[in-house]
Amino acid sequence: MDDLEKVERLRERADVSYEEAKKALEECNGDLLDAMVYLEKQGKVKKPGKTSYTTQYEESVDFGDMTKEEKNSGVRDLLNRFFSWCGSLIQKGNHMNFKVDRNGKNIISIPVTVFVVLVLLFFWAIVWVMVIGLFLDCRYSFEGAGEVQIDVNKAMDRAADAADQIKNEFTDK
């Protein structure tokens, strides 16, 4: 291997200028390995980053090679799925009602979607009104399609029963 090839190889491996590579080879009498060590001692060679190996295959995605349309279509697809999920959630909420009964008579029945919006906007006011309503013999329930409301209704009935017990303890004393 001639001197020019050695200088080029050292430049590639050490990522240094032509002059630095030539000087390092002259100092080390043309030995590539010694020249590399010489440059490392001077702090001119970047040490390799920490690497790891795995047996799992991961296909890397190079976003630099993607066109703007491909990037936008991925985001568009993600947004479409999100809004589709939100729409189905709202549709389910519109088919179920939140009911308030007092002494066996229905006081109010609103779609769950409206109830959720009210709770989000006026959380503490709704909580206090519902707790006070429990002590005024109000019962809360959900009605409509779905099996989830059965467990929720049982929990609401237990809360109403607990409020009745507390109320009875105060009136008995």
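In what sense do strand β1 (residues 96–102) and β2 pair, and over how many bridges?

## The pairing of β1 and β2

Strand β1 and β2 pair in the antiparallel sense, over six bridges. Pairing is assigned where DSSP finds at least two bridges between two strands. Helices (H or I, at least four residues) and strands (E, at least two) are DSSP runs, numbered from the N terminus. This is a predicted model, in which local features need pLDDT of at least 70 and side-chain atom pairs count only at pLDDT 80 or more, whereas totals for chains, interfaces and linings use all residues. Residues are numbered from 1 along each chain as its sequence is written, and side-chain values use heavy atoms, with hydrogens and water left out.

β1 and β2 form a hairpin with two residues between them. In the turn, Asn103 has a positive phi of about 55°. Arg102 stands opposite Lys105 in β2, and Asp101 stands opposite Asn106 in β2.

## The sheet and its helices

Three strands, in the order β2-β1-β3, form an open sheet with antiparallel pairing. β2 (105–111) and β3 (138–144) are the edge strands; each has a single partner strand, so one side of each lacks a neighbour in the sheet. On average, neighbouring strands of this sheet are turned by 25° against each other, direction ignored.

Helix α5 (residues 112–121) packs on the sheet and touches β1, β2 and β3, contact meaning heavy atoms within 4.5 Å. The direction of α5 makes about 85° with that of β2. Axes are lines fitted to C-alpha atoms, for helices over the stretch in contact, and angles run from 0 to 180 degrees between N-to-C directions. Helix α6 (residues 123–135) lies across β1 and β3, running at about 115° to β3.

## The crossing of α2 and α3

The axes of helix α2 (residues 18–27) and helix α3 (residues 32–41) come within 8 Å and cross at roughly 115°. On the α2 side, the contact is made by Glu20, Lys23, Ala24, Leu25 and Glu27; on the α3 side, by Leu32, Ala35, Tyr38 and Leu39.

## Salt bridges

Nine salt bridges are found in a search of the whole structure, each a side-chain nitrogen of Lys or Arg within 4 Å of a carboxyl oxygen of Asp or Glu. Asp137 forms a salt bridge with Lys167, with the closest N and O atoms 2.4 Å apart. Asp137 lies in the loop between α6 and β3 and Lys167 in helix α7 (residues 148–172), so the pair ties together parts 30 residues apart in sequence.
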